[in-house]
Amino acid sequence: MLARAAEEAKSDGKFLVVYMHKPLYSGGNHIDDMDTIAIRKFYAPLFDRLGVDLVVAGHDHVYTRSMVDGNGNRSDNAPLYITAGHAGSLKWYSGTDYEVENKDPILPNYEFLDFNSNDYEWRTNPIYCELVIEGNSMTINAYRIENNESILFNSYSLSK
């Protein structure tokens with residue numbers, strides 16, 4: 001059923017977007033939680049195989065962006081994974097040292113990430129994302145709040 005729905009969306013030229021609470025790929029310290037590893041082993045190859053365009057998640061209170069294939073490697077032809085930040089709370093999760101478990105589709109040392117808000121001094125600022133779809137283009141804009149102003153700090157576009 002899921003494969004059929006994905007195939008229909010793709011054949012109609014629509015973007016295929018998945019939303020989930022806990023991210024498969026993130027810069028936070030939940031990257032090696034047992035449940036995260038289990039869902040990553042299951043969903044990462046599935047999302048890659050189905051041609052998912054974007055996977056949005058939260059939970060880790062950081063902003064990260066990466067394109068990761070079903071084997072855990074960075075790839076321009078893979079789903080875009082966004083961990084959407086922490087707009088409602090000043091709580092944030094730093095990274096952690098983790099071991100790559102057998103058959104876990106992930107690279108060591110957060111090497112799968114293209115952008116990680118933990119790398120910046122403003123990482124504890126509230127962060128939110130905006131998703132803009134115009135025709136055959138989808139743009140994800142990430143903003144941080146500083147002195148009651150929204151400051152665009154990262155933007156990424158996908159095209160059909």
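This is a predicted model: local features need pLDDT of at least 70, side-chain atom pairs count only at pLDDT 80 or more; totals for chains, interfaces and linings use all residues.
Reader: Why is Thr64 called buried?

Author: Thr64 has a relative accessible area of 0%, and buried means under 20%, so Thr64 falls within that class. Its place is in strand S3, which covers residues 63-67.

Reader: What makes Thr64 and Thr83 a polar contact?

Author: The side chains of Thr64 and Thr83 are joined at 2.9 Å, and a polar contact calls for a pair of N or O atoms within 3.5 Å, one able to donate a hydrogen and the other to accept it. Thr83 is also among the residues that Thr64 touches when those up to four places away in sequence are not counted, a list that includes Tyr25, Ser26, Gly27, Leu113 and Phe115.

Reader: Why is S3 said to be largely enclosed by the rest of the structure?

Author: Five of the five residues of S3 are buried, and S3 is therefore described as largely enclosed by the rest of the structure. Tyr63, Arg65 and Met67 point one way from the strand, while Thr64 and Ser66 point the other way, and all of these are buried.

Reader: Why are S1 and S5 called edge strands?

Author: The open sheet has five strands in the order S1-S2-S4-S3-S5, with mixed pairing, and strand S1 (17-19) and strand S5 (115-116) are the edge strands, each pairing on one side only. The partner of S1 is S2, with which it pairs in the parallel sense over three bridges, and there the bridge partner of Val18 is Val55.

Reader: What makes both faces of strand S2 covered?

Author: In strand S2 (residues 54-57), Leu54 and Val56 lie on one side and Val55 and Ala57 on the other, and all of them are buried.

Reader: Why is Glu130 called partly exposed?

Author: Glu130 has 32% relative accessibility, and because buried means under 20% and exposed means over 50%, a value in between is called partly exposed. Glu130 is found in strand S6 (residues 127-134), and its side chain makes a polar contact of 3.0 Å with the side chain of Tyr143. Not counting residues up to four places away in sequence, Glu130 touches Thr139, Ile140, Asn141 and Tyr143.

Reader: Why is Thr36 called buried, and what does its side chain meet?

Author: The relative accessible area of Thr36 is 1%, which is under 20%, so Thr36 counts as buried. Thr36 lies in helix H2 (residues 34-50), and a polar atom of its side chain is 3.2 Å from the backbone oxygen of His30. Leaving aside neighbours within four places in sequence, Thr36 is in contact with Lys22, Pro23, Leu24, His30 and Ile31.

Reader: What makes the phi values of Lys103 and Asn109 worth a remark?

Author: Most residues other than glycine have a negative phi. Lys103, however, has a positive phi near 65 degrees, and Asn109 has a positive phi of about 55 degrees, although it is not a glycine. Lys103 is in the loop between S4 and S5, and Asn109 is likewise placed in the loop between S4 and S5.

Reader: Why are Lys103 and Asn109 called exposed?

Author: Exposed means over 50% relative accessible area, and Lys103 stands at 72% while Asn109 stands at 58%, so the term applies to both residues.

Reader: Which residues are closest to the centre of the largest pocket, and how is its lining divided by class?

Author: The largest pocket holds about 180 Å³ of space, and of the 14 residues that line it, Val52, Asp53, Met67, Asn77 and Ala78 are the closest to its centre. By class, the lining has seven nonpolar, three polar and four charged residues.

Terms used. Residues are numbered from 1 along each chain as its sequence is written. Side-chain values use heavy atoms; hydrogens and water are left out. On a 1 Å grid over the protein atoms alone, a cavity is a set of points where a 1.4 Å probe fits but cannot get out, and a pocket is an open set with protein on both sides within 12 Å along at least five of seven lines; lining residues have an atom within 4 Å of a point. Grid points are joined across faces, edges and corners, and a volume is the space filled by probe spheres set on the points. Ala, Val, Leu, Ile, Met, Phe, Trp, Tyr, Cys and Pro count as nonpolar, Asp, Glu, Lys and Arg as charged, and the others, Gly among them, as polar. Helices (H or I, at least four residues) and strands (E, at least two) are DSSP runs, numbered from the N terminus. Buried means under 20% relative accessible area, exposed over 50%, partly exposed in between (1.4 Å probe, protein chains only). Contact means heavy atoms within 4.5 Å. Two strands pair if DSSP finds at least two bridges between them.
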